[in-house]
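Have a look at the two chains below before reading on. My notes are about the place where they meet.

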Amino acid sequence: MNKTKDFIVEQLKEQISGFKAEAGEKTFGRVTEVGDGIARVSGLSDAMMSEMLEFKIAGGSAFGVVLNLEEDSVGAIILGDASSIKEGDEVIALKRILEVPVGDELVGRVVNPLGKALDGKGDLKTKKSYPVEKIAPGVIARESVKQPVQTGIKAIDAMIPIGRGQRELIIGDRQIGKTAIAIDTIINQKGQRMKCIYVAIGQKESKVASIVARLEKFGAMKYTTVVMAGASDPAPLLYIAPYAGCAMAEYFLDKGEDVLIIYDDLSKHAVSYREVSLLLRRPPGREAFPGDVFYLHSRLLERACKLNKDYGGGSITALPLIETQAGDVSAYIPTNVISITDGQIYLESDLFYKGNRPAINAGLSVSRVGNKAQIKAMKKVAGRMRLEAAQYRELEAFAQFGSDLDKETREKLERGRRMIEVLKQDQYVPMPVGQQVIIFFALISGFLDNVPVEKVRDFEASLLEYVQDVNSDLIKEIEKTGELTEAEEKKLQKIIKDYKDTLDYLESDKVKSS
Amino acid sequence: MKITAKQYGEALFESVSDASGGKVKEVVKNFCRVLKANNQVSQLGKIIGQFEQIWNKKNNITKAEIISALKLAPETEKVIGRYLVKTANGGEVKLSKQIDKNILGGVIIKHGDRILDESLRTRLAEFKNAIGR
């Protein structure tokens with residue numbers, strides 16, 4: 001008992017001796033105008049851009065950030081509750097840039113953009129904080145993308161692969177599964193040495209709560225942080241949310257870890273920035289967005305990176321989401337973000353309502369760097385898949401005009417239909433890469449050609465079970481070495497043939513030799 | 001085009017400095033008439049504020065304020081006075097003193113738009129922040 005008391009006293013002493021009071025002149029000003037999360041402050045003659053301000057209010061202080069420097073006043077956004085700030089209140093310039101707490105303590109928590117806990121699990125005791133705005137790593141520190149992010153979604157891992165350090169946009173209309181892709185990807189990161197950060201910008205709090213519950217159910221909160229700026233939060237908080245999330249990611253990056261960050265979604269972020277800008281009386285441009293919306297997103301997404309060994313070798317993979325209105329990708333914000341990112345996953349409502357879920361349009365979706373990051377086994381099967389998918393799309397449009405098609409064309413169409421079926425996947429069931437390789441191998445080797453289209457999904461599920469039972473090492477081996485050798489191919493062919501002999505629903509009229 | 005309080009202040013300053021001696025009263029009276037004609041009487045508070053700022057700037061006057069918990073000793077006041085004169089760069093210093101029990105101890109010195117907060121209350125708050133980590 002006495003010992004612990006001494007320890008506490010010692011600790012306190014240390015803290016007291018370490019405490020240095022900083023005396024020094026500071027600049028102060030007075031609030032001349034306040035409202036809508038915005039304040040105009042007179043005085044503050046040497047305030048700097050993005051400097052933090054302290055508003056002295058009755059019984060404490062509120063914080064703001066300088067966003068506008070004018071001739072004799074300063075425009076600032078207020079972070080948090082602005083209701084107690086009055087005209088004439090004193091404002092002090094703090095001479096530092098806005099920072100958020102970072103650290104391992106944040107993992108598994110739900111926080112607001114300022115790093116305050118929102119999940120009722122007690123205060124965060126972080127030791128470090130990082131600036132919210134930071135210049136992205138330069139050319140010297142970077143390296144090309146070469147490791148895969150396994151999303152566990154067949155259509156993405158095969159045709160639009162994502163690499164660690166890539167920025168891949170997920171774009172589509174409302175309610176067709178953009179967030180679902182992001183959440184599935186987080187769930188599939190279990191055991192992949194990946195930290196995840198989900199930034200919810202302007203989402204309904206009920207939706208975020210259900211996402212957190214889902215992640216918890218699948219054990220994904222063990223490596224995930226949720227940064228939430230809800231729909232009821234003021235625009236300034238929404239505006240800084242993605243930057244704050246990125247700062248939290250940079251902590252892990254600096255430790256040499258891989259991070260996946262999801263910005264859900266950047267359309268709402270742009271809208272909140274528009275609100276702030278218009279209130280600060282910046283001139284509106286196209287769609288009333290200010291002139292620097294491009295920079296708003298480019299400086300955020302540029303912070304996604306893959307660092308080389310000398311700089312720790314960590315990475316930040318960014319998955320921004322953009323909501324389009326009635327499939328219009330040529331609006332201002334979508335075109336901006338498409339041009340910034342290294343590719344996009346384009347979701348289409350037609351496909352979604354037809355039952356092709358995830359509703360990924362393989363034609364319009366691209367990944368500009370990720371295919372370098374695929375494992376060899378996947379490359380082997382996916383290359384063929386991409387080709388066949390392209391041919392199928394071409395023929396499908398063509399085949400609608402006539403029914404008299406030659407045998408080759410018919411076969412391609414049949415193969416394509418089965419491929420579409422294989423690429424369908426339910427929510428919350430990401431598939432490990434080894435299993436994906438096996439089913440794709442079966443498809444491109446023609447084993448599925450005599451399976452009725454409506455039976456393809458059953459076939460797939462039971463085939464994987466069968467492979468697991470007969471030769472469980474095979475999948476493990478593929479995942480471990482990342483390769484599909486000739487010998488393994490032979491083995492696999494035999495297993496699939498054996499399995500097919502047990503089935504009774506195969507279409508016998510066009511048995512194919514493989 | 002809307003005329004801002006700052007523009008009114010500048011106009012008033014210029015006309016006042018042009019007018020000599022007894023004419024100042026006349027100018028101010030005329031200024032009030034213009035305000036009334038423009039329906040801007042409600043702006044008067046702001047205009048006076050602006051005018052004061054311009055006046056102080058043009059005449060090289062800094063306004064300074066000392067807030068203390070207790071009445072300051074004459075020596076301390078002298079030291080602060082010297083400090084203020086030094087920072088004012090040869091200009092005139094208009095000093096006002098205030099006593100505020102709420103700051104517990106120490107002083108807060110404000111001059112121009114600078115603030116030197118040496119109050120016990122602020123120190124305690126900073127200390128609380130440092131310990132609370």
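Here are my points on the interface.

1. Some ground rules. This is a predicted model, where local features need pLDDT of at least 70, side-chain atom pairs count only at pLDDT 80 or more, and totals for chains, interfaces and linings use all residues. Residues are numbered from 1 along each chain as its sequence is written, chains are lettered from A and ligands numbered from 1 in the order written, and side-chain values use heavy atoms, with hydrogens and water left out.

2. Who takes part? Chain B brings 17 residues to the contact and chain A brings 22 (contact means heavy atoms within 4.5 Å). Together the chains bury about 1700 Å², with 49% of it on carbon and sulfur atoms; buried area is the accessible area (1.4 Å probe) that two parts lose on being put together, summed over both. On the chain B side, B:D113, B:R114 and B:I115 lose the most area to chain A, together 35% of what that side buries.

3. Now the charges. Between chain B and chain A there are 5 salt bridges (a side-chain nitrogen of Lys or Arg within 4 Å of a carboxyl oxygen of Asp or Glu). One of them pairs B:K6 with A:E71, whose closest N and O atoms are 3.5 Å apart.

4. Finally, the strands. Strand β1 (residues 25-35) of chain A and β4(B) run antiparallel, joined by 3 bridges; strands (E, at least two residues) are DSSP runs, numbered from the N terminus, and two of them pair if DSSP finds at least two bridges between them. Opposite A:E25 you'll find B:L116 in β4(B).

How values were computed
Helices (H or I, at least four residues) and strands (E, at least two) are DSSP runs, numbered from the N terminus.
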